[in-house]
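The sequence and structure follow.

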Amino acid sequence: MKIIKADCLVIGSGIAGSLYSYIAAKAGLKCVLVSSADIDTCNSSLAQGGIIYEKHPDLKALLKDIQNAGGGKCNEEAVLSACSEGFKDIEKYFIKEFDTDFNRSETGELLLTKEAAHSKKRIIFSKDTTGQAIISAMQKKLKKVKNLKILPQCNAIDLLTLSHNSQNYYDIYKPLTCFGAYILDNKTLEVFAVTAKKTVLATGGIGQIYKYTTNSPAIYGDGIAMAYRIGARVINMEYTQFHPTVFAKGRSALISEAVRGEGAVLINAKGKAFMADYHPLKDLAPRDVVSRAIEHERLKTGADCVYLDLSSMTPQFITQRFPHIYKTCLDAGVDITKEPIPVVPAMHYFCGGIFTDLKGRTNILNLNAIGECACNGFHGANRLASTSLLEAAASASLTAKADIAEIKKQSFYIPKPKDWKSPEALPDKNLILQDISVIKSTMWNYVGLIRSSARLNRAEKILRHLHNEISVFYKGYKITEDLLKLRNAAQTALLITYAALKNKQSCGTHYRED
């Protein structure tokens, strides 16, 4: 079995993983960056609205908005740490070093917009493709960095620990410690190992375990499942955020919250603006409130969707401010300069994940988690718009700096891992697709926007049985990307369902009608 040795193994190529790799490699550490698809295929590149940035930040006001949106469950220490660090990182890296194409005024000042639950304009943006602009600018620089080896089209299979994967028997008596991962080459199906002093999970959220989602097709809760299997603590797993406005045709194209920030209004099938009936902030209420309001209106009118009315904007403003959304809708036969956009909620962002401290450390030695797969309580029970990219940047930077200091000071024990062994028979793809379909439908119907004890208990029974079946199935066949995704999806879905069953108090994205 091939073994690649590194100082840092980073699994995931979104903003968090890429920025960590950039900082660590620039500091002289040997880094390996693994991406399950092409390096730019990630949730970060799909982000439309923007990223919070204040040159002269009012952290008290921002904390209040984040806490209000998060249902009062946010870890204030995490919020203040990430915002303070994040603003510096945005200026140093995204604005100056990467020269991201943010929208500016004629005098060169960064333009600001407002999104739901924000008390003022504080979001910088690049039209309606901010994530793509940041990722594109960052990865141009990333590919030129020495000490960095990028492995696209590769999936992490399992994390290496001293107690499970060392060839030295006596390592079972050492503390629970991670020293890399087994990696699958998706094209050749070769399995190899990457050993590292620090292993960093930056795998994104839970994405495709729900039937309708805005997430990248490559994401199935992989990092969370891998970490849990070796004993990592996970928290806030019930807090799954649904984006209220997703294009109803196809139910995957995001209609940015910035559209409502610029004055668009939600109307039901009868043409009535309804958000005033649900929240004082109307169309700019927190996402969980808007999503449930849409669902109530949809059921009340018997319609398949509600609509986003942009009639307060001029056609020229719409096409210049939201060119990607305009084209996406037009390609599907909806001209948003002349007619409202049909929208429905879809699974969007995960507020829970692998528990970490403020520097990305988990309860397992030398295993870190950053970005959406990690949770230090920043988002509480619901994410405030445009905080995800800020938190991803801050967690990457704080974790990279801590790891650089530790690697320079400490010595690390890295044993030779056991060889990977698995059967040669390939799994039946139809069985995998069927099981994935069951997971997606179960999560959408029973662990979705509005939950109850009856629905959650039904989901738990289905998913527990399926998880057991998949565990047996997994051991009998050669590893493929699809089989890995299925295994991780089953584990992560079950963790979310257990957490939702246990928490009987409605808060933020977790809403129990019983």
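## Arg321 and Glu262

Arg321 is buried at a relative accessible area of 6% (buried means under 20%, exposed over 50%, partly exposed in between; 1.4 Å probe, protein chains only). Arg321 forms a salt bridge with Glu262, with the closest N and O atoms 3.2 Å apart. Here a salt bridge is a side-chain nitrogen of Lys or Arg within 4 Å of a carboxyl oxygen of Asp or Glu. Glu262, at 24%, counts as partly exposed.

This is a predicted model: local features need pLDDT of at least 70, side-chain atom pairs count only at pLDDT 80 or more, and totals for chains, interfaces and linings use all residues. Residues are numbered from 1 along each chain as its sequence is written, and side-chain values use heavy atoms, without hydrogens and water.

## Other salt bridges

The count comes to 28 salt bridges. Asp403 pairs with Lys198, closest N and O atoms 4.0 Å apart. Asp403 is in helix H11 and Lys198 in strand S8, so the bridge ties together parts 205 residues apart in sequence. Helices (H or I, at least four residues) and strands (E, at least two) are DSSP runs, numbered from the N terminus. Asp403 is buried at 0% relative accessibility, and Lys198 is buried at 2%.

## H12 and H14

Helices H12 (residues 429-446) and H14 (residues 481-502) pack at about 20 degrees, axes 10 Å apart. Axes are lines fitted to C-alpha atoms, for helices over the stretch in contact; angles run from 0 to 180 degrees between N-to-C directions. The two helices are therefore roughly parallel (under 35 degrees; over 145 is roughly antiparallel, 65 to 115 roughly perpendicular, the rest oblique).
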